[in-house]
Amino acid sequence: MRAAAGGRDSSSVALRALLIATACGLVFALLNLPDGRAGSTPPGGERGAGGGGGARLSVEQGLIREARRLNTVAEEIDGQTDEIAAEEDERISKSPPDTKEKIWMMQDQLIMAKAYLHFASPQGSAHLVRELKLRIKEIERAISHSSGGSRIPGSALQKMKAMEQTLSKAQRTYPRCSQMTSKLRAMTHNSEELVRAHQSESSFLEQVAVRTLPKGHHCLAMRLTTEYFSLDPKEREFPKRDNRQLDDYYHYAIFSDNVLASAVVVNSTIAASKDPGRIMLHIVTDALNYPAMRMWFLTNPPTPAAIEVESLDDFKWLPGDFSSRFKLKGVRDPRYTSALNHLRFYLPEVFPSLSKVLLLDHDVVVQKDLSGLWNIDMKGKIMGAVETCTSGEGYHRLDSLVDFSNPSISNKFDAKACTFAFGMNIFDLSEWCKQGLTATYHKWFQVGKRQRLWKAGSLPLGQLVFYNQTLPLDRRWHVLGLGHDFSIGRDELESASVIHYSGKLKPWLEISIPKYRDNWHIHLNYDNAYLQQCNIHG
């Protein structure tokens, strides 16, 4: 709080300094106008009346208006309310034209005097400071007594003359006021440019951090890969389970190229399960990370559960360009270009012997037993998912992800339909095959190739593929946002079956949100020899 208050104070001081300097520049201009004194008007006319000095008055009026604007801002800084200003304006408006003119002139003098007073340095003329304070009080009382009256008292006119002399004296004391105004404006401009540059740099570095694994993770993958290829071929196999794809087991799928992230998902799933001996874990990774992923789980088996690790290259039925077809021009974030994210649209082909499978993203932590998801009545739907919209939150509606200006979209979908979350989804693969949903995916994928109709990544496309095919789950099954939302409460976290670090701030990165890190780190044994060798610590 103290830091925040300090930030507000410094901002206020900076703004006040700029206002003072700007007003100071106006003073300099007003006091040096030719053929008249500051704020003078032709006799017998309203402010701005025509006359021989019309051009000069036009300049003068512009400066006065700008001075008034600065005064309004300064008053807001000082905490004066709009109601007080409105009441004063109403009283002035009831005054006769000549009286109104004189009040405006006194207000202008007040602005100038306050600007000089704030501009005066503590080492400057103490006599001038005292004189300015005195004149300010006199003019404030004169304005108060004159507002709403029919004429200006003679004493007020004398105070105006005295203020004019004091302002002339101040102008001679600070002759370089206009230069200081220019300097402060230049400093403000340079500071704004510097802030913009830092913001741009910060955004760029954040993107680099998101797309780049920490050095320790690269070290881990290299060591695991080296160890894997040093094994005898027979030692590279997991223990056989003859019935590993029968439906009396709970089958969990994880598609990931991140060894430690997958380890956390596996470890947390086993720890939370009431019957881990009935769990079968299916990990699919890319060819580059396949050796490291296998080596990790060979040396850290999820006993008593069974596990298998496969590579995308093992699925010969995939399109030949599958690993590269999702790369988009100008999009480098792996969350949007990874082929593994799109493998979810081929689940029946990946698991042809299964009727149900639970798909988990690699940035989740399982906190409670999930076997209940296999007993949910899917009501003819293909996927069970938590919805991500609540009343009034338009950001989580379908039109926030998909372009509804195209008739092929607007004629088939509801723009205000609630979106659902990927990350923890139960799939009925039998119903999927019955409805031919993979063909639906291919159709929309081809439409998206011809014309950019939705945002990057598999989630927007998934909203179309699983449209009207999704069963909403209780929100406690899946709490999202730990990768971007700082406001998730402890009660909500503790009640969640699965917590999801959706967003840029992944728990294995240094830029992750500190208060959520322990929920992830507790599922890794940092005494592991590989983690020690690669200097990976919790």
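This is a predicted model: local features need pLDDT of at least 70, side-chain atom pairs count only at pLDDT 80 or more; totals for chains, interfaces and linings use all residues.

Colleague: Where do Cys389 and Cys418 sit in the chain?

Modeller: Cys389 belongs to the loop between β6 (383-385) and α14 (407-410), while Cys418 belongs to the loop between α14 and β7. The two cysteines are 29 residues apart, and the pair links distant parts of the chain.

Colleague: How far apart are the sulfur atoms of Cys389 and Cys418?

Modeller: They are 1.7 Å apart in the model, and the pair forms a disulfide.

Colleague: Is Cys389 buried or exposed?

Modeller: Cys389 is buried, with a relative accessible area of 8%.

Colleague: How many disulfides does a search of the whole structure find?

Modeller: The search finds two disulfides. Cys219 and Cys534 also form a disulfide, with their sulfur atoms 2.1 Å apart. That link is left-handed as well, with -75° about the S-S bond.

Colleague: Which parts does the pair of Cys219 and Cys534 tie together?

Modeller: Cys219 lies in helix α8 (residues 215-229) and Cys534 in the segment after α20 (529-533), so the pair ties together parts that are 315 residues apart in sequence. Cys534 is buried, with a relative accessible area of 6%, whereas Cys219 counts as partly exposed at 22%.

Colleague: Let us turn to the strands. How many residues of strand β4 are buried?

Modeller: Five of the five residues in β4 (residues 356-360) are buried, and the strand is mostly covered. Lys356, Leu358 and Leu360 point one way from β4, and Val357 and Leu359 point the other way.

Colleague: In which sense does β4 pair with strand β1, and in which sense with β7?

Modeller: β4 pairs with β1 (residues 250-255) in the parallel sense, over three bridges. With β7 (residues 424-428), β4 pairs in the antiparallel sense, over five bridges. Leu359 illustrates both pairings: Ala253 stands opposite Leu359, and Asn425 in β7 is a bridge partner of Leu359.

Colleague: Finally, what does the secondary structure of the chain come to?

Modeller: The chain has 20 helices and ten strands. Of its 538 residues, 46% count as buried. The accessible surface comes to about 27600 Å², and 52% of that belongs to carbon and sulfur atoms. Among contacts between residues at least 6 apart in sequence, 75% join residues at least 24 apart.

Terms used: Residues are numbered from 1 along each chain as its sequence is written. Side-chain values use heavy atoms; hydrogens and water are left out. Helices (H or I, at least four residues) and strands (E, at least two) are DSSP runs, numbered from the N terminus. Buried means under 20% relative accessible area, exposed over 50%, partly exposed in between (1.4 Å probe, protein chains only). Contact means heavy atoms within 4.5 Å. Accessible areas come from the Shrake-Rupley method with a 1.4 Å probe; for residues, only the protein chains shown count as cover. Two strands pair if DSSP finds at least two bridges between them. A disulfide is a pair of cysteine sulfur atoms within 2.5 Å.
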